[in-house]
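Subject: Structure for you to look at

Hello,

Here is the structure I promised to hand over. Please open it first, then read my notes below.

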Amino acid sequence: MQYNSIAQMLTLAETHNMSLWQVVLEAEMAQTEQSADDIFRRLSARYEVMRRSAKRALEEPLPTIGGLIEGVASTQHTYAATGGISGEFINRLMAQALSASEVNASMGKICAAPTAGACGVLPSVLMSVGEKYDADNQRILEALLIASGIGVVIMTNATVAGAEGGCQAECGAAAAMAAAGAVYLAGGSNQTTERAVAIALMNVLGLVCDPVAGLVQIPCAQRNASQAVNALISADMALAGMDSVVPADEMIDAMFQVGRMLPASLRETGKGGTAGTPAGKAIYRRVFRDR
């Protein structure tokens, strides 16, 4: 059971009366020649790395080069208790996404899903939505399987590399993957999952990759937080019955085409966008003057 598109995933699921996670599992078993138990053990180990990274920086800051995002997770976590403007749930979600980014920037252990620069989106969404719906570990792993299947399709037909497609291909792809997992945890259908993926990519289309001083800190951390939120609102719009109109596979193609149109200065070179501002250039000089 193999697939190269989300449309093929949906067809296989309908033909065999399966959930999308079962389609992904069957494909993974065929490709790796491993049992379902082996695959779930691997998933569990990776999810534990995700979970730890999304928790580790919530209580105390972690040291990072230049200190650009040191303490952002704990600050957001403290603020979440107040409810803020968008409520405690969203603020905790953002804090967890920021934590994984902070762990990554401090050379800690993270799970690249789909990349290190986007490592906070998927764990924060799975943890938050899983908790909201009181999902057990098995169901969260099933959601992770669905997310991974979406990631496979994106990597097969486009890219998840910021250097090739901008941040839409990193944090945007992570948002699409997370939206798919969120729909499953909320009890949505396979078709609703497809719509959520398409909406998430629409919301982020054209987002450039412009790391200040070439470091995966600013605006990477903020985009992990914002794209975690993108995943949730995309899932909610799809669950509410909104039709994406444009299929997810076509949005993946569009994302790839837009990425190819981006100039080199906006594809992870640290030269344009946020990195190219006077403040961004000053940070570069400060961080690297003694290096």
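First, the ground rules. This is a predicted model, where local features need pLDDT of at least 70, side-chain atom pairs count only at pLDDT 80 or more, and totals for chains, interfaces and linings use all residues. Residues are numbered from 1 along each chain as its sequence is written, and side-chain values use heavy atoms, with hydrogens and water left out.

**The core**

Nonpolar side chains tend to be buried together in soluble globular proteins. A nonpolar core here is a set of buried Ala, Val, Leu, Ile, Met, Phe, Trp, Tyr and Cys residues joined through side-chain atoms within 4.5 Å. Buried means under 20% relative accessible area, exposed means over 50%, and partly exposed is in between (1.4 Å probe, protein chains only). The largest such core has 98 residues. Ile6, Leu122, Val125 and Ile154 have the most contacts inside it. Helix 9 (residues 171–185) gives the most to this core, with twelve residues. Helices are DSSP runs (H or I, at least four residues), numbered from the N terminus.

What does Ile154 touch, leaving aside its neighbours within four places in sequence? Ile154 is in contact (heavy atoms within 4.5 Å) with Thr159, Val160, Ala173, Ala176, Ile252 and Met255.

Now find Leu144 in helix 7 (residues 137–157). Leu144 is buried, at 5% relative accessible area. Not counting residues up to four places away in sequence, Leu144 touches Leu43, Tyr47, Met50, Leu122 and Leu126. Leu144 and Tyr47 are 97 residues apart in sequence, yet 8.1 Å apart in space, C-alpha to C-alpha.

**Two helix pairs**

Axes are lines fitted to C-alpha atoms, for helices over the stretch in contact, and angles run from 0 to 180 degrees between N-to-C directions. Angles under 35 degrees count as roughly parallel, over 145 as roughly antiparallel, 65 to 115 as roughly perpendicular and the rest as oblique.

- Helix 1 (residues 6–15) and helix 2 (residues 20–32) have axes that come within 9 Å and cross at roughly 105°. The two are therefore roughly perpendicular. Met9, Leu10, Leu12 and Ala13 of helix 1 meet Leu20, Val23 and Val24 of helix 2.
- Helix 1 and helix 10 (residues 190–204) have axes that come within 10 Å and cross at roughly 170°. That pair is therefore roughly antiparallel. Ile6, Leu10 and Ala13 in helix 1 meet Asn190, Gln191, Glu194 and Val197 in helix 10.

**The cysteines**

A disulfide is a covalent bond between the sulfur atoms of two cysteines. The rule used here asks for a pair of cysteine sulfur atoms within 2.5 Å. How many disulfides does this rule give? The count is zero. The sulfur of Cys167 lies 3.7 Å from the closest cysteine sulfur, in Cys171, so it is too far for a bond. For Cys220 the closest is in Cys209, at 6.2 Å, again too far. Cys167 is buried at 7%, and Cys220 is buried at 13%.

**Backbone details**

Most peptide bonds are trans, and most residues other than glycine have a negative phi. Check these exceptions:

- Ala113 to Pro114 is cis, with omega near 5°. Pro114 is in the loop between helix 5 (87–105) and helix 6 (121–132).
- Ile218 to Pro219 is cis, with omega near 0°.
- Asp134 has a positive phi, near 55°. Asp134 is exposed, at 69%.

Best wishes
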